[in-house]
Amino acid sequence: MLGPATVLAGGGYVAWLAAGHPDALVVDDYYKQGKAINQDLRRDRAATALGLSLRAEYDPRAGTLAGRLAGQAAPFTIYLAHPTLPRRDLRVFVKPAPDGSFSVALPDLERTHWQVVVEGALRDWRLAKGWDGVRALEIVADEP
């Protein structure tokens, strides 16, 4: 009787886990996502036309991300998307120095594969790339 009781208890626990932790990776509206992809491609081409590139490094001891955005000195946003947990996504507004250099405070980043999107304050251009949070982050707009 212990075997079947254990299986029933384990099955109940797994069902509880599945119901309490829904999968956030499934997209509801594929058509809307497709339209968003086309908009992102236009913003990628705008970054290429401006000749933008970003290089930054994360210092875990200081809790800062410091680097330089070449090609523009206007304010921009860095969005770090967690691969599986949307509640851990981070959005940082950056006001760079005239030469494009910046340093922003970030909480402790876990070692995971972040999706990084850097975009203008008006969302008129975009740079995007995956990043592990350990090595230097380098994003260069495609050559025209």
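## Burial of Glu-119

A residue counts as buried when its relative accessible area is under 20%. In this predicted model, Glu-119 has a relative accessible area of 7% and is therefore buried. Glu-119 belongs to strand S6, and its side chain makes a polar contact of 3.5 Å with the side chain of Arg-123. When residues up to four places away in sequence are not counted, Glu-119 touches Arg-43, Phe-76, Thr-77, Arg-91, Trp-125 and Arg-126.

## Overall architecture

The chain holds two helices and eight strands, and from the N terminus on these elements follow the order α-α-β-β-β-β-β-β-β-β. Of the 144 residues in the chain, 29% are buried. The accessible surface of the chain comes to about 9,600 Å², and carbon and sulfur atoms account for 58% of that area. Among contacts in the chain with a separation of 6 or more, 54% are between residues 24 or more positions apart.

## The largest nonpolar core

The largest nonpolar core has 25 residues, and those that touch the most other members are Leu-54, Leu-65, Phe-76, Ile-78, Val-116, Val-118 and Leu-127. The elements that give two or more residues to this core are strand S1 (53-59), strand S2 (64-70), strand S3 (76-81), strand S4 (90-94), strand S5 (101-105), strand S6 (114-120), strand S7 and strand S8 (137-140).

Val-118 illustrates the surroundings of one such core member. With its neighbours within four places in sequence left aside, Val-118 is in contact with Leu-54, Phe-76, Thr-77, Ile-78, Trp-125, Arg-126, Leu-127 and Ile-139.

## Arg-126 in strand S7

Arg-126 lies in strand S7, which spans residues 126-131. Because its relative accessible area is 16%, Arg-126 is classed as buried. The side chain of Arg-126 is joined to that of Asp-44 by a polar contact of 2.8 Å.

## A nonpolar surface patch

Tyr-13, Val-14, Trp-16 and Leu-17 form a nonpolar patch on the surface, and together these residues have about 440 Å² of accessible area. One of them, Tyr-13, is found in helix H1, which covers residues 2-20. The relative accessible area of Tyr-13 is 49%, so this residue is partly exposed.

Technical notes:
Residues numbered from 1 in each chain as written. Predicted model: local features only at pLDDT ≥ 70, side-chain atom pairs only at ≥ 80, totals over all residues. Heavy atoms only, no water. Helix = DSSP H or I, 4+ residues; strand = E, 2+ residues; numbered from the N terminus. Buried < 20%, exposed > 50% of the residue type's maximum accessible area, 1.4 Å probe, protein only. Polar contact = N/O pair within 3.5 Å; in protein donor to acceptor, adjacent residues only side chain to side chain. Patch = residues over 30% accessible without salt bridge, like charges linked within 9 Å, V, L, I, M, F, W, Y side chains within 5 Å. Areas by Shrake-Rupley, 256 points an atom, 1.4 Å probe, with all protein chains shown as cover. Salt bridge = Lys/Arg side-chain N within 4 Å of Asp/Glu carboxyl O. Core = buried A, V, L, I, M, F, W, Y, C linked by side-chain atoms within 4.5 Å. Contact = heavy atoms within 4.5 Å.
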